[in-house]
Amino acid sequence: MNLTLKIWRQKGPQDKGRMVEYKVTDISEHMSFLEMMDVLNESLVAKDEEPIAFDHDCREGICGMCSLQINGEAHGPDRGITTCQLHMRMFKDGDTIYIEPFRANAFPVIKDLVVDRMAFERIQQAGGYISVNTSGNTQDANSIPISKHNADLSMDAASCIGCGACVASCKNSSAMLFVAAKVSQFALLPQGKVEAKERVKNMVFQMDLEGFGNCTNTGACEIECPKGISIENIARLNREYLAATI
Ligand code: SF4
Ligand code: FES
């Protein structure tokens with residue numbers, strides 16, 4: 001395939017940034033999207049030009065690092081996958097592809113397609129954990145009965161990889177789906193009950209402090225989430241928050 005790429009280039013956080021056009025040729029449909037970006041970068045390096053900065057790590061849909069807005073969609077046109085799992089067979093010869101960073105005030109651009117998602121880390125630090133006694137007298141986790149239904153829901157919520165696609169897809173740049181997943185995975189388990197009230201209050205407080213917008217139940221986050229996190233978790237977050245604050 002021969003493709004035209006329109007890619008966001010931005011030297012640093014203070015730079016205004018602009019779209020720059022590139023051509024790539026002989027792209028195999030079996031390549032991943034990031035491999036196609038590697039091909040482009042190799043050609044730029046060969047021409048002594050600055051390669052395009054983009055985030056990636058595992059390239060297996062696990063780490064949540066890859067974060068491209070492709071033709072206006074977080075993680076591109078496929079469903080239930082991350083950018084690193086997107087294949088070039090989703091495009092056709094002659095296509096023009098627009099590639100931008102995830103856009104949100106709380107995710108400032110560091111360089112080109114790389115954004116700073118430390119806001120998510122700070123929300124996690126505010127309450128995304130449980131305290132466990134590790135003195136040697138720790139209760140065996142298997143001795144605490146948990147219903148299959150709740151265990152499944154908790155595991156589903158825990159599959160959130162913190163990629164930020166929910167924020168990038170939301171017209172309000174809301175982080176509610178992410179926070180809801182992180183609160184739900186503990187709210188559904190007995191181990192999470194001890195700090196439940198403080199957790200939800202602190203995480204929502206930090207979310208607001210970071211400048212994320214509010215949720216207006218549009219549901220775009222759920223559609224673009226690569227892990228299929230359900231917006232039912234947002235309803236659970238709201239219930240947990242209400243119970244903690246009255
Ligand atoms: S809820 Fe989904 S889209 Fe949002 S950070 Fe988690 S995995 Fe990514
Ligand atoms: S690079 Fe790890 S999820 Fe895409």
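A residue counts here as buried if 20 or more other C-beta atoms lie within 10 Å of its own, as exposed if 12 or fewer do, and as partly exposed in between, with C-beta atoms placed from the backbone. Please keep in mind that this is a predicted model, in which local features need pLDDT of at least 70 and side-chain atom pairs count only at pLDDT 80 or more, while totals for chains, interfaces and linings use all residues. Residues are numbered from 1 along each chain as its sequence is written, and chains are lettered from A and ligands numbered from 1 in the order in which they are written.

Let us begin with the whole chain. Of its 246 residues, 36% count as buried, and the C-alpha trace spans about 60 × 35 × 35 Å along its principal axes. Two residues are in contact if their C-beta atoms, placed from the backbone, lie within 7 Å. Among contacts between residues at least 6 apart in sequence, 69% join residues at least 24 apart.

The chain is divided into domain 1 (3-111) and domain 2 (117-132 + 143-245), with bounds that come from an automatic or database domain assignment. The C-alpha centres of the two domains lie 28 Å apart, and 18 residues of domain 1 are in contact with 17 residues of domain 2. On the side of domain 1 that touches domain 2 there are 8 nonpolar, 8 polar and 2 charged residues. In that count, Ala, Val, Leu, Ile, Met, Phe, Trp, Tyr, Cys and Pro are nonpolar, Asp, Glu, Lys and Arg are charged, and the others, Gly among them, are polar.

Now follow the strands. An open sheet of 5 strands has the order β2-β1-β5-β3-β4, with mixed pairing; two strands pair if DSSP finds at least two bridges between them. The edges are taken by β2 (18-24) and β4 (73-74), each with a single partner strand, so one side of each is left without a neighbour in the sheet.

What does β5 pair with in the parallel sense? Strand β1 (residues 3-9) runs parallel to β5 and is joined to it by 4 bridges, with L5 of β1 having I97 as its bridge partner in β5. Strand β3 (residues 68-70) pairs with β5 in the antiparallel sense, over 3 bridges, and here Q69 is partnered by E100. Moving on to β4, the pairing with β3 is antiparallel over 2 bridges, and Q69 stands opposite A74.

Helix α2 (residues 118-127) includes M118, which counts as partly exposed because 13 C-beta neighbours lie inside 10 Å. The C-alpha atoms of M118 and E210 are separated by 9.7 Å, although these residues are 92 apart along the chain. The buried residues of α2 are A119, F120, I123, A126 and G127. They cover an arc of only 115° around the axis, which puts them on the same side of α2; the arc is that of the directions from the helix axis to the C-beta atoms. What covers these buried residues includes α5 and α6.

Helix α6 (residues 196-209) has 14 residues and reaches 20 Å from its first C-alpha to its last, close to the 20 Å expected at 1.5 Å a residue, where the expected span is 1.5 Å times one less than the number of residues. Which residues of α6 are buried? They are R199, V200, M203, V204, Q206 and M207. Their arc around the axis is only 160°, which puts them on the same side of α6. The buried residues of α6 pack against α2, α5 (176-187) and α8 (232-245), while the face turned away from that buried side carries the exposed residues E198 and D208.

Within α6, V204 counts as buried because it has 24 C-beta neighbours inside 10 Å. Leaving aside neighbours within four places in sequence, V204 is in contact with V179 and Y241. V204 and K148 are 56 residues apart in sequence and 28 Å apart in space, C-alpha to C-alpha. Just after α6, G211 takes a positive phi of about 95°.
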